[in-house]
Amino acid sequence: MSLLLFDVDGTLVKSRGAGRVALRAAMLEVWGLTGPIDGHDFRGKTDPWIVRQLLRFSGWEDGKIDARLPEVWEPYLRHLDAALASSRTRPSPCAGVPRLLERLTAEGHHLLGLVTGNVAEGATRKLRAAGLDGRFEIGAFGSDSECRDDLPPLAVARASRLSGFGFRLDEAIVIGDTPEDVRCARVNGARVIAVATGGFDAGVLQAHGPDLLLEDLADTEAVLEAFEGLGASVRGDR
Ligand SMILES: [Mg+2]
């Protein structure tokens with residue numbers, strides 16, 4: 001049994017701005033401000049970390065942010081639903097991803113999970129909008145921690161609890177599109193595949209030291225081989 005932990009935006013789905021549109025509308029609705037949201041780089045960051053940065057830019061102290069940040073999620077999810085339903089901002093699956101997930105599920109010896117900065121409900125809704133719902137058994141999310149580095153251990157613990165396999169962190173493979181994905185795997189001793197489908201240049205990703213760098217997930221056989229090469233195969237009693 002192997003444990004594969006996928007990022008969402010830029011890895012599984014091509015975002016077309018639904019998250020940003022929804023967050024802008026939600027922040028305006030609850031606080032009447034957004035900070036410099038249009039130029040802000042969301043990539044690799046957890047949702048609460050994005051909101052904290054924008055509120056700091058707006059002059060809020062962390063104490064006030066801690067007290068009021070939770071107010072944003074209900075309107076965020078409401079506006080996200082609207083953005084995901086709009087043809088302008090609905091996400092689509094990244095190249096090869098539907099076929100890859102189908103193959104991994106059919107092989108039967110992979111546990112598919114998520115490690116994403118999205119709040120859990122946001123991840124679910126984005127995946128559903130891209131037609132990728134129902135594939136992932138566990139996840140760790142921005143709603144679990146503002147710090148992405150906290151997420152792989154949580155995902156591994158949840159996978160172990162669900163499966164009874166007792167996964168170790170160094171057996172998990174994180175798949176993501178940003179330097180933050182690579183780092184959150186590295187600091188936890190997990191293996192990591194970087195994919196250059198989220199706007200980061202392959203050279204930049206390579207410089208952060210992933211175990212493997214792929215241009216995309218389009219070639220199903222090549223990706224399956226890459227997983228095997230990193231040890232994601234059936235092993236003895238596991
Ligand atoms: Mg991403």
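How many of the five residues of S6 are buried? Five of the five are buried, so strand S6 is largely enclosed by the rest of the structure. Buried means that 20 or more other C-beta atoms lie within 10 Å of a residue's own; exposed means 12 or fewer, partly exposed in between, with C-beta atoms placed from the backbone.

This is a predicted model, in which local features need pLDDT of at least 70, side-chain atom pairs count only at pLDDT 80 or more, and totals for chains, interfaces and linings use all residues. Residues are numbered from 1 along each chain as its sequence is written.

**View 1. An open sheet of six strands with parallel pairing.**
The strand order is S5-S4-S1-S6-S7-S8. Strand S5 (138-140) and strand S8 (212-214) are the edges, and each pairs on one side only. The twist averages 25° from one strand to the next. Strands (E, at least two residues) and helices (H or I, at least four) are DSSP runs, numbered from the N terminus. Two strands pair if DSSP finds at least two bridges between them.

**View 2. Strand S6 and its partners S1 and S7.**
S1 and S6 run parallel, joined by four bridges. Leu 4 stands opposite Ile 173 in S6. On S7, Arg 191 stands opposite Ile 173. Strand S6 (residues 172-176) also pairs in the parallel sense with strand S7 (residues 191-195), over four bridges. There, Gly 176 has Ala 194 as its bridge partner. Ala 172, Val 174 and Gly 176 point one way from S6. Ile 173 and Ile 175 point the other way, and all are buried.

**View 3. Helix H7 across the sheet strands S1, S4, S5 and S6.**
Helix H7 covers residues 151-163. It lies across strand S1 (2-6), strand S4 (110-115), S5 and S6. Against S5, H7 runs at about 160°. Axes are lines fitted to C-alpha atoms, for helices over the stretch in contact, and angles run from 0 to 180 degrees between N-to-C directions.

**View 4. Helices H4 and H6 pack at an angle of about 10°.**
Helix H4 spans residues 73-85 and helix H6 residues 120-129. Their axes are 10 Å apart. H4 and H6 are therefore roughly parallel to each other. Angles under 35 degrees count as roughly parallel, over 145 as roughly antiparallel, 65 to 115 as roughly perpendicular and the rest as oblique. From H4, Leu 77, Leu 80, Asp 81 and Leu 84 take part. They meet Glu 121, Gly 122, Arg 125, Lys 126 and Ala 129 in H6. The residues of this contact divide into four nonpolar, one polar and four charged. Ala, Val, Leu, Ile, Met, Phe, Trp, Tyr, Cys and Pro count as nonpolar, Asp, Glu, Lys and Arg as charged, and the others, Gly among them, as polar.

**View 5. Where domain 1 touches domain 2.**
The domain assignment, automatic or from a database, gives domain 1 (2-15 + 92-229) and domain 2 (18-85). Their C-alpha centres lie 24 Å apart. In domain 1, 19 residues are in contact with 15 residues of domain 2. Contact means C-beta atoms, placed from the backbone, within 7 Å. H6 and helix H8 (179-186) each supply at least two residues of the domain 1 side. H6 gives the most, with five residues. The domain 1 side divides into three nonpolar, nine polar and seven charged residues.

**View 6. Leu 28 in helix H1.**
Helix H1 covers residues 18-31. Leu 28 is partly exposed, with 14 other C-beta atoms within 10 Å. Leu 28 and Pro 75 are 47 residues apart in sequence. In space they are 9.9 Å apart, C-alpha to C-alpha.

Terms used
Contact = placed C-beta atoms within 7 Å.
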